[in-house]
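Please open the structure in your viewer and keep the selection panel at hand.

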Amino acid sequence: MAECHPVGFQWVTEAKKRGAKIIHIDPRFTRTSALADQHVSIRAGSDIALLGGIINYIIENEKYFEEYVLEYTNASTIIQSDFKDTEDIDGLFSGYNPELGAYDNESWGYRGIEEAAAAGARELSVNDQEHQISMHGGQGAAHKIGSQGKSLSDISIHSDRTLRDPMCVFQILRRHYSRYTPEMVERTTGIPQGAFLEICRAVTENSGKDRTTSWVYSVGWTHHSVGVQYIRGAAIIQLLLGNIGRPGGGILALRGHASIQGSTDIPTLYDILPGYLPMPSASMTAGLKGYLESLMAAKQKGFWANLDSYMVSFLKSYWGDAANPENDYCFSYLPKINGDHGTYRTVMDMMDGKVEGYMIFGENPAVGSANARMQRLALSKLKWLVVRDFNLIESATFWKDSPEIATTELETSDIATEVFFFPAASQAEKDGSFTQTQRMLQWHHKAVDPPGDCRSELHFFYQLGLKIKELLKDSKNPRDYPIRDLTWDYPTTKNGEPVAEAVLKEINGSHLAGEKKGKLLASYTEMKPDGSTSGGCWIYTGVFADGINHAAKRKPGQDQSWVAPDWGWVWPANRRILYNRASADPDGKPWSERKAYIWWDEAQAKWTGHDVPDFEPSKAPWYRPPDDAVGPDALAGNDPFIMQADGKGWLFAPAGIKDGPLPTHYEPQESPVTNALYAQQKNPARQVFKRSDNLSNPSAPAEGYEVYPYVFTTYRLTEHHTAGGMSRFLPYLSELQPEFFCEVSPELAAERNLRPGGWATIVTARTAIEARVLVTRRIKPLRIDGKIIHQIGLPYHWGVGNQALVAGDSANDLFGLTLDPNVHIQESKVSSCDIQPGRRPTGPELLNLVASYRRRAGITQDTGNELATNYEADK
Amino acid sequence: MPKNNGVRGEARMVPDASFTSYYGRPVVKAAPWSNDIPAYLFLGGLAGGSSLLAAGADVMHNDELRRAARLTALGAIGGSYLALVHDLGRPSRFFNMLRVAKPTSPMSMGTWIITAYGPAAVLAAASEFTGMIPPGRLSRLVSFANRPAGIAAAMIAPVLSSYTAVLLSDTSTPAWNHGFKEMPFVFVGSSATAAGGMAMIASSVHNAAPARRLAIGGALTELLAIEKMKASMGVVSETLDLGTAGKLIRLSQFLTIFGALGSIVFGRKSRAVSLVSGLALVLGSACTKFGVFEAGQSSARDPKYTVAPQKKSLQDGATHARPKTRWDVLRNPYHRQRSSR
Amino acid sequence: MSKTIVHLGLDPAKISGWDVAQPRMGFFTDTSLCIGCKACEVACKEWNEIPEDGLDWLGISYDNTGSLGASSWRHVAFIEQAVPGGRTDTPSSASALDGSDLRWLMSSDVCKHCTEAGCLDVCPTGSLFRTEFGTVVVQDDICNGCGYCVAACPFGVIERRTGSHGTKNVGLAQKCTLCYDRLVSGMTPACAQACPTESIQFGNLSELRSRARRRVEKLQLDGNRAARLYGDDPNDGIGGAGAMFLLLDQPEVYGLPPNPVVATRELGQMWKQAGIAALTFLIGAAAASIER
């Protein structure tokens, strides 16, 4: 965190000054470790083993927060009797389909819902299985119980509040992690038992009624083929310890840049609409009604019951007066997805000649995306490319200076891609907002005019839209109506720059009819499904309540409460901690004075406290829903997890996660370590791509894995920013870290004869790169299952090009594409490689080196891509 | 431009047990001076010694020696001015040196010393050419100023030759700072050998006797003073023995002894020997100045010479109780000279 | 010369002739809070328009600046230490509990703005001067780049800027000004403003000194016996610094001199020796000149 979020890290040092203990778990000892109380070296890619070990410790030593677990989680819920755990099938859960490489999660459901499940809309195609619905609180597959799922009111949830039934979640959890002992943790992660137990003790002793513990992670946890399961592991721990929804608790995700949260809220992801409304799929042929029905049941419990209000308001914000009940509010105008339209799929389609044009905004895939070689080669297959950035990043100049030109794979004169470069305005040169990891919107004000032709993204899109609308205004082709009928009339200032606040107001939404016509909405609860409200993003509704831009609030911390509601605006409803009902006990009293956050005020008959309660204000703690209740009314007064259909935190996830209801340790796609826990080596549901431009290293125990015997991981340095587009062009940053280097232990340097300050070449099945050698004790070899495993660290900021002040090989060239099945994120935090002293060959020689390695390892398109290695599954 | 005064960031592979450093990097910085400065040290000493010889020769009516010495002084001080101005980061601002006169700054004091000495030496040299000046007010002035100018130059000359030791010593450069007690004697001795040697080259054997005597006296002074200086420098004395500095010092000692012996044994008789000995003495003096300069620079670049003596002084219980004297008051008013900005 | 007791104490500005009621300002850099982010280096360069001074990878931990210099007025040092065996008595050390502990010291170095400043003492043009805040500043319209201050600094801070013709202030001595231009407007120096963890603290120097003493006492009570202050003692060889530090190891580990003394302390003796040598020269030359 100190490396990537130094300004945020000041709060960690502040906490430390006040007595907090900081534990840092990372393959390397970083600047964060330097200020931590304890640093624990871990083998990259083995964190689930650690998390499982902690869960095991908590359960076996009875360190869980008993009342919280019993009342607020699904620990007592009983799962269907045909559910099989990884302990039963040596690494697989029940329902695995080896041909599809995917699970049918029917058997994971709560007991009693088999009938209900069967009655639901289920038959989604394989493509639709990839159709993701992401929202805060969990992923949901439309047809299942749970988030957006079936009502539970017409089935009784079977539960055992003594937590003893062998099929209750608690016992399944215990069984699932029973072999994640301290010894197993040491064998798998390299963490000595003593250090591991220290972590367990620290975390458990600091949790409970009076104390809470917080977990902070970043892409070192998410960029894995099991990335989502890492987070689930932390979620289980935090639920067991009663740390969710409580001050000083929770799981904080650190992001890659200042507005990544915003980029999923108002999404740049293909499968969601603003506010995490699911993107309709092509198989939904029953219009808006069908869409809504497939996602909500008539008796939907929880707040997704109002999906129709959110959706209609959204449609009204897009198409305004053109959207009315007769035409389904222009629902048919929305594009429908029919497969994986994710970025990597798109790049592969580019390689296969299926994509003509591409637009890149503030990103540098030629350097920053996994399998960066493929990215660059793909760009050369386009007909046209638009790049908007401050500088001529490598993605814009690939046609003349990419490494593939040097190897002669590409020839500039043969590249037909027409590249349009648009200089961009920086954040100080335009109004706008950031939404950061705390779901906080913060407004930034324009300070100076952008120079020359530099313009903001708003300007680009708005003006582009105007031009396209102009071209299509007389079109009679229905395909053009969605754009023809778009409301597209923002007020503009200088140079045609749209007034950003006008856009935020549109996102916030307003009343379109009635006595409040024209007024901005104060909350999403004001949204209606009858077209009388509009709102571009329901979770943001309220940011402009009362005509005030709440995102622009900057009241200093010392002038307000410690929750600081008047700094920025947090969605939803400026609620700072989600699920904060859990900060009070089932009777509505704080668990302790020290950790009081919100509580039930008997006198006023409402919830009150330091933050906006994440609960219906007047629902008493002892409220129990009648059997026929629907929507929010179906949640009890002690159901803090209001976005889940059962109102409980899910230790066991019966739906919504593609690769298992419980996190399981699988080895990464490329690993020199055999899975010590299961015959199933890797994530059986991960997404692989068998292509000649995406070859994989063999993993243990398959033949040839020792050709790539080392583990490597990638990361950032404080001095640079991601793929370098914003830092390698600046002298003051470039001089702080001018060259690409690798970090190796003295032991590895001795083993491979690497000279400190010299050069090294790192090789994978994709390519070979070179880096300066920094020998340091901060990255240490680990003893894994009796063998010494060396790890290599690679900061990924450099790219090959002639425009930046500093250049170097890109670490992302080394990775192939293997994706997490839930969110299609690439595994780019762990892989295997070889390292040799000296510089790499230049020119076509480089290809020969890589090929020679492949031959030695016997690599084919199938290598590493077997999905089920659990031979039990065949039986 | 290396950010580290020439030391590339090579870690010390075998750390010296007596001290630690930051990757073997320098603690203090070496003066950013080029060869201009040791050249000036040499030339300034040569000028000073020559003015002394010239004044003596003037009184003793040794015209040849007087003329040779005065012209040497002129050339040397002229070269000094050029070297000093050339070495500045902004040569065009040389005259800013005359904005202040600061006793805490040997360079400031030196500026005024040179400012006083220069005109005197120039005038004294000019008076050797009264023949060339058309009769008139100017030629009368110059003849009138003849002896006084020479005497004046000779009065300033000694401090001209010795203040440069203070200039070097009043820094954090270990080899210069630790040798502060003896360095003035080294420099003075070296100036004497240079002046004597140059006069031996430029005068006939018969008239060069004072030059020979001055040279021999200077050689003795210099050789003894350097040994004493090394002895009082502790571990820092290594810098005068090692590397380029060591080579220069040893060369200077050889040349000085050679030159001195030459002048003693054959200097009275042989013009050739006198020439060669004189040259050796002059070069020897230059080597001394360059050697001491170089020793300083290398002592600044190696952290050992800053850290080890300081650690020793800490262990020896050196306290920092400083005598507070009128000196402090003297320093003060000159610190508030501001530009008109 | 009679001995006059003059207490330089904390107020070199007053002694330099300033007549204003401005307390001495300075830095306290608490390196136990430094996260090595180098925001200080960047903020300083941006504010003072200092040129980039070298895109060279030095290979010494994460330090590619190397040292303070004419174009580096803040320098973050990185020292990786393997402390053998068990837990050390330093809270900043992160214990790996596998037999060896690692410690990564980070520290942002800066001009010390000494009470008795060698650079100031030797400046022959009057370019360097003492401000009303007690800081030492170069006037870059006066400096002629003689470079004497460079050798005089006991900490190796000030340097003569090199570069191509047209580079700002090329050829002149350059160093930290403690953001004099910001101070006269009541603002905080750029580095202190930017430091996210408040490792760099700016303020009234006597207040900072008390704060520093309390902080080092606390660290020592917590078991960090190696923690110490540097530059806080008015009785040290430079009269105490206007920028002091809390270090977690010996000064020389960070590249700082362990016991710096400003050369001016012995200047009187130096002139004395020079005077004797000069006299000797005069007498000797006179003796050599006597001819019968």
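At roughly what angle do the axes of helix H3 (residues 47-60) of chain A and helix H8 (residues 182-189) of chain A cross? This is a predicted model, in which local features need pLDDT of at least 70 and side-chain atom pairs count only at pLDDT 80 or more, while totals for chains, interfaces and linings use all residues. Residues are numbered from 1 along each chain as its sequence is written, and chains are lettered from A and ligands numbered from 1 in the order in which they are written.

Select the two helices (DSSP runs of H or I, at least four residues, numbered from the N terminus, as are strands, runs of E of at least two): their axes come within 9 Å and cross at roughly 170°, the axes being lines fitted to C-alpha atoms, for helices over the stretch in contact, with angles from 0 to 180 degrees between N-to-C directions. That makes H3(A) roughly antiparallel to H8(A), a term for angles over 145 degrees. Show Ala49(A), Leu50(A) and Gly53(A) of H3(A), which meet residues of H8(A) including Pro182(A) and Met184(A); contact requires C-beta atoms, placed from the backbone, to lie within 7 Å.

Next, select chains C and B, whose contact takes 85 residues from chain C and 90 residues from chain B. On the side of chain C that touches chain B, H8(C) supplies the largest share, 17 residues.

Finally, turn to chains C and A, where the contact takes 32 residues from chain C and 42 residues from chain A. Here H2(C) gives the most to the side of chain C that touches chain A, with 5 residues.

Key. Two residues are in contact if their C-beta atoms, placed from the backbone, lie within 7 Å. Angles under 35 degrees count as roughly parallel, over 145 as roughly antiparallel, 65 to 115 as roughly perpendicular and the rest as oblique.
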